[in-house]
Amino acid sequence: MNQLQATPLKTLSLSGRRSAGAAARPRRPMVDLRPSAAARSYSITLLPGDGIGPEVVAVAKDALSLVGSKEGFELRFQEMLMGGAALDAVGVPLPDETLAAARASDAILLGAIGGYKWDNNEKHLKPETGLLSIRAGLGVFANLRPATVLPQLVDASTLKKEVAEGVDIMVVRELTGGIYFGKPRGFGTNDKGEEIGFNTELYAVSEIDRIARVAFEVARKRGGKLCSVDKANVLEASMLWRKRVTAIASEFPDVELSHMYVDNAAMQLVRNPKQFDTIVTNNIFGDILSDEASMITGSIGMLPSASVGESGPGLFEPIHGSAPDIAGQDKANPLATILSAAMLLKYGLGIESAAKRIEAAVTETLDNGFRTGDIYSPGTTLVGCKRMGEEVLKALESQK
């Protein structure tokens, strides 16, 4: 699996410099990869959230605990409310106590957010508002989403085998800017008296430059190719995006940069996905393209993600949703959350050996033919969330 090499998160933003005007706070080193006897105990905040979130987080927690005992480090877990669960309990999607606990921890593992129950809430009382708020509160601006077609699951892809086989893409999505956060936004009335809704796609040079540097660094450690996706033929924000990414490219002469319009990129992802190595794009395009890339792999239930910033803890989560239609039925695929836990170990704590153990256990479980419903095919063994977790734990336990 050709992924970004395990690197302290601080180096993902290259300079590690705090932007002008940012509040000063103690800077915790992003953990050297070398074992340290003085730093073998870590605080992990668990945010199970909604729907299938509690089920998959429970499985991932067990995997983390077991790998910690094998590698000789301690993980101290604290579970906090977020999303719909927090709305029901305390009336807000992100309680202050949850954000404070997350900021004080070494890493955060999130399950899933949202559900039909809260769909009609006002915007500030929607579970998804809590997700946007915690990303902003943690200062995580770079979302890393790998989309790798595993050999065991190539037949689960909706694409022909010869198209899907060997796909290994990393989507680097800008996470805290763009149309999801830009102002002005809201509702109003036009000159014809019609109700209108409006949003603003807004990016500053500093926001583009920092995500571009992360993406170039990621590409440098992978295949050396970076495709920047925009809509520069129409949108001024994209014109600035392309201008700045091109400028930053001079700092990375060893990385081959290309540009692609988002509509073409969406088409190329299903026509010839192997042409891509690393993709960098804005918030809304990244949201869409990373989900599209996930389906090339066969199931959104297999893919982890990491959200990182210049300092402080990272946020690690599966990219699937809360799937309220199967919540509590032991049907969820926990592998994306387990692999998110591996990313937490690798990029959040810098313990690459532990991350490799979890990745190997997932591979062994798939090799043994165990499948949840979303990746099931004839000839394999259909299991539920708990059983899949148990099989991963067995594989972990058998490791020397």
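These legends accompany several close-up views of a predicted model.

Local features are described at pLDDT of at least 70 and side-chain atom pairs at pLDDT 80 or more, while totals for chains, interfaces and linings use all residues. Residues are numbered from 1 along each chain as its sequence is written, and side-chain values use heavy atoms, with hydrogens and water left out.

**View 1. The largest pocket and its lining residues.** Rolling a probe the size of a water molecule over the atoms shows where empty space is left. The largest pocket here has a volume of about 550 Å³. (A pocket is an open set of points on a 1 Å grid over the protein atoms alone, where a 1.4 Å probe fits, with protein on both sides within 12 Å along at least five of seven lines; lining residues have an atom within 4 Å of a point. The volume is the space filled by probe spheres set on the points, which are joined across faces, edges and corners.) Its lining counts 24 residues, and Ile113, Glu128, Leu131, Arg135 and Asp287 lie nearest the centre. Two or more lining residues come from each of strand 3 (107-112), helix 4 (127-138), helix 9 (283-296) and strand 12 (314-318). (Helices, H or I with at least four residues, and strands, E with at least two, are DSSP runs numbered from the N terminus.) Helix 4 gives the most, with five residues.

**View 2. A salt bridge between Arg244 and Asp209.** Side chains of opposite charge can pair when their charged atoms come close. (A salt bridge is a side-chain nitrogen of Lys or Arg within 4 Å of a carboxyl oxygen of Asp or Glu.) The closest N and O atoms of Arg244 and Asp209 are 2.9 Å apart. Because Arg244 belongs to helix 7 (residues 236-248) and Asp209 to helix 6 (residues 205-220), the pair ties together parts 35 residues apart in sequence. Asp209 is buried, at 10% relative accessibility. (Buried means under 20% relative accessible area, exposed over 50%, and partly exposed in between, with a 1.4 Å probe and protein chains only.)

**View 3. A salt-bridge network of Glu217, Arg220, Lys221 and Asp254.** Lys221 pairs with Glu217, their closest N and O atoms being 2.1 Å apart. Lys221 is partly exposed at 24% relative accessibility, whereas Glu217 is buried at 10%. Asp254 and Arg220 also meet in a salt bridge, at 2.9 Å from N to O. This pair links distant parts of the chain, 34 residues apart: Asp254 is in the loop between helix 7 and strand 9 (256-261), and Arg220 is in helix 6.
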